[in-house]
Structures are given as structure tokens and as C-alpha cells.
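Subject: Structure handover and notes

Dear colleague,

I am passing on the structure we spoke about, and I would be grateful if you could look through it alongside the notes in this message.

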Amino acid sequence: MKSLDQRNRTIYRVTESLIGFQRDFFDYGVSHLKPLNLRDIAISLDLHESTISRVTSNKYLSCSHGIFGFRFFFGSALQSSEGTVSSTSVKDIIKKMINEEDSKKPLSDQKITELLKTKDITIARRTIAKYREELKIPSQGQRKRHD
């Protein structure tokens with residue numbers, strides 16, 4: 001019983017810390033997700049990184065934006081004019097750009113790179129391709145409609 005209680009308290013503490021780090025996400029949505037890694041949470045709670053890894057595996061959090069696996073909140077950092085931006089929020093931007101594109105003239109990975117640069121997000125074309133594949137979005141040629 002004591003071990004189960006300790007496990008529940010650890011999950012609760014990790015959840016509180018995660019919410020603290022990602023407050024803007026909970027207030028404003030995916031575009032405000034911040035870069036975060038397991039080490040950040042581990043340091044804030046004075047726990048080992050492997051403990052945080054175990055606690056966040058196969059756990060989900062329900063909020064006003066939907067249900068997310070804990071791992072969703074951990075993303076690498078990309079440089080922007082405002083500092084760093086989460087790779088998850090960049091993926092969300094890419095997804096929105098592609099959803100709003102002209103299906104007769106879909107955006108190339110290079111064009112997406114250039115559009116992100118206008119938003120002060122510097123990212124390589126190959127990284128765009130990698131993110132697009134992770135999002136299961138077909139290439140420019142495969143998205144083109146010949147109506």
C-alpha cells in the first residue's frame with residue numbers, strides 16, 4: 001500500500017510540474033507548447049531522469065484541448081527570434097500550412113521552410129520533410145490535385 005501511495009504521489013508531482021512548465025499550452029493551445037525534456041522535470045522535482053521516464057510512459061492527461069500522452073509535452077527546441085520554440089508547435093504550424101494550401105499548387109518543403117523563416121523560425125528543408133513524414137503527410141507531388 002505504501003509503494004502504491006508513493007507511486008501515485010510521484011505521478012501527481014510530475015503532472016503538477018509538467019503543467020507548470022507548459023502553462024501556456026493549457027491556456028492557449030499547441031502553438032504555445034514550450035521545449036521541454038525529461039531532465040527539466042527531474043531537476044525540478046529532485047528525481048532521477050529514469051524515474052520521470054517511467055512515470056510518463058503510457059500515461060495520459062485530459063484537458064480542454066483533448067487527451068494527450070505525457071510524452072507529447074516533451075519536445076526538442078528550435079531557435080526563433082523570440083528564443084526557442086518547441087518542435088511540436090512547429091509541426092502544428094506545418095500541419096496548418098498544408099491544410100490551408102491550394103491543392104492545385106501544394107507547398108514544397110522548401111517553400112514551407114521559407115514561410116517559417118518569415119515567422120522567424122529557422123529550420124532545414126530536410127527537417128520539414130522529416131516532420132511531414134512523422135505527421136503522415138504525403139509529399140508535395142502526392143498532395144497535388146488535378147481537377
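Below is what was found, beginning with the whole chain and ending with single residues.

Please keep in mind that this is a predicted model, in which local features need pLDDT of at least 70 and side-chain atom pairs count only at pLDDT 80 or more, while totals for chains, interfaces and linings use all residues. Residues are numbered from 1 along each chain as its sequence is written, and side-chain values use heavy atoms, with hydrogens and water left out.

The protein contains eight helices and four strands, where helices (H or I, at least four residues) and strands (E, at least two) are DSSP runs numbered from the N terminus. Read from the N terminus, the order of these elements is α-α-α-α-β-β-β-β-α-α-α-α. The C-alpha trace spans about 65 × 30 × 25 Å along its principal axes.

Of the 147 residues, 37% count as buried, a term that means under 20% relative accessible area, with exposed being over 50% and partly exposed in between (1.4 Å probe, protein chains only). If contact is taken as heavy atoms within 4.5 Å, then residues 24 or more positions apart account for 55% of the contacts with a separation of 6 or more. There are 26 positive and 18 negative side chains, and the centres of the two sets lie 5 Å apart; Lys and Arg count as positive and Asp and Glu as negative, without His or the chain ends, and each charge is placed at NZ of Lys, CZ of Arg, CG of Asp or CD of Glu.

Turning to the aromatic rings, those of Phe, Tyr and Trp (its six-membered ring) pair if their centres lie within 6.5 Å, with planes under 30 degrees apart counted as stacked, over 60 as edge-to-face and the rest as tilted. The count by this rule is eight aromatic pairs. Phe 25 and Phe 26 form an edge-to-face pair, because their ring centres are 5.0 Å apart and their planes stand at 80 degrees. Phe 25 is buried at 0% relative accessibility, and Phe 26 is also buried, at 13%. Together with Phe 68, Phe 72 and Phe 73, these two residues make up one aromatic cluster.

Finally, Thr 113 belongs to helix 6, which covers residues 109–118, and is buried at 7% relative accessibility. Neighbours within four places in sequence left aside, Thr 113 is in contact with Ile 123, Ala 124, Arg 125 and Ile 128.
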